[in-house]
Amino acid sequence: MYVCAPLGQDVRVLGQRRRRTAVPVAAAVVATVLMLAGCGQPILVPAEPPDGPVPTRVPLPDWTPAKPTKFTLLASGDVLIHPALTEQAAADGQAAGGRDYRQILAGVKDVVRAADLAICHLQVPLGDADGPFAGYPAFNAPPEVATALADAGYDECSTASNHTLDGGPDGVRSTLDALDAAGIGHTGSARNAAEAATARIVDLDGVRIGHVSFTFALNVGTSRPASQPWLANLLTVDAVLQAGRAAKAAGADVVVASLHWGGEYAAQPSSQQQAMATQLLADPAIDLIIGHNAHTVQPFERIGDKWVAYDLGNHLARHAEPRGTTEEGVIARFRFGKNQAGRWVVDRVDYVPTLVDLGPPIRLRDLGDMPDGERTDTAVRRIAEVVSSRGAPVVPRG
């Protein structure tokens, strides 16, 4: 199957950005036919040109692509794998003899894949395929979670959370190994000092996006070994700014901070969250903050010409005692463009409300695709009220 597009033009295959590049072509036969991605007319290279021997390389025009003038970054809330979700994955994968989380996430795949860069927050460690697996209070989830996140379209995951060290150093390694195997980038925890010292930067066709991740605390009964600080990034203003400046020094045009912070089940950010957001966004090192940990949606706020989404709620979870709002989340979408000074800034914000439908079967739903009903309508209204409660001019989903 051929995709007809000029060389150098972006081609999106299954929602993923792809780049076509030009290569030199050898001429060694009577006539060499160069077909550009199956498009246009062939370029014929004569075997015996009148004024000299056949060239060994055919020069092609310079199709160096221009950098994009805008891009969309998508972020979603906590991926918190409770035992009921693993049971559902086992039921969904029974016919194939394995665990399949892809069906649980299928309802948001179109939204996630449409973004230029999609970031998730993996709150729990991923263990070995043979388990044993566990939920609260010390999580250990199957590695197939990473495969499902990649299938849904996620490019990146933040991994610094209160549960990062639930499985100890081995849990950090197995988590990052699973993400690597799935082709998902990560930041927030590391296997060694060298990995931790390497700034995480994603290249979007020449626009470089830095990503840093920090957590305010670790789970009760776990601690970060003094000799291995790279296992989990602990949150302070200075630590975030240091990481952001390192990313900018490494060439990042934009730096996004994923912060695991604040109080659980609180619909409004704490005074500490607000103060920290103001400090971080006042510095050139940080351009956007996306927050997690509350297990419920919190407001978006514009501070100067930068943005903070204090908490995106739960993306995927099945608490033993659902609280109504613990099944709700938002997929935030931030469109970046350059301002008059040539700096990348967010010029449009919207979000997609989501709901973990407890079923059975358990499925993550885009609320706009769910049948009308009181529970759905209540969730949509509640999310809208909370998101805009600090005066943020968030554009309705479009």
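This report describes two buried residues, Ala-332 and Asp-116, and helix H4 in a predicted model.

Residues are numbered from 1 along each chain as its sequence is written, and side-chain values use heavy atoms, with hydrogens and water left out. Because the model is predicted, local features need pLDDT of at least 70 and side-chain atom pairs count only at pLDDT 80 or more, while totals for chains, interfaces and linings use all residues.

Helices (H or I, at least four residues) and strands (E, at least two) are DSSP runs, numbered from the N terminus. Buried means under 20% relative accessible area, exposed over 50%, and partly exposed in between (1.4 Å probe, protein chains only).

| Residue | Location | Relative accessible area |
|---|---|---|
| Ala-332 | strand E16 (residues 328–338) | 0% |
| Asp-116 | loop between helix H3 (109–113) and strand E6 (117–122) | 14% |

Ala-332 is 259 residues from Leu-73 in sequence, yet their C-alpha atoms are 8.2 Å apart. Beyond its neighbours within four places in sequence, Ala-332 has contacts (heavy atoms within 4.5 Å) that include Leu-73, Leu-74, Phe-300 and Tyr-351.

The side chain of Asp-116 reaches the backbone nitrogen of Thr-72 at 2.8 Å.

In H4 (residues 144–152), the residues Val-145, Ala-146, Ala-148, Leu-149 and Ala-152 are buried. Viewed down the axis of H4, these buried residues fall within an arc of 160° and so line one face of the helix; the arc is that of the directions from the helix axis to the C-beta atoms. Among the elements covering them are strand E5 (70–79), E6 and helix H5 (168–182). Just after H4, Gly-153 has a positive phi of about 115°.

How values were computed: Polar contact = N/O pair within 3.5 Å; in protein donor to acceptor, adjacent residues only side chain to side chain.
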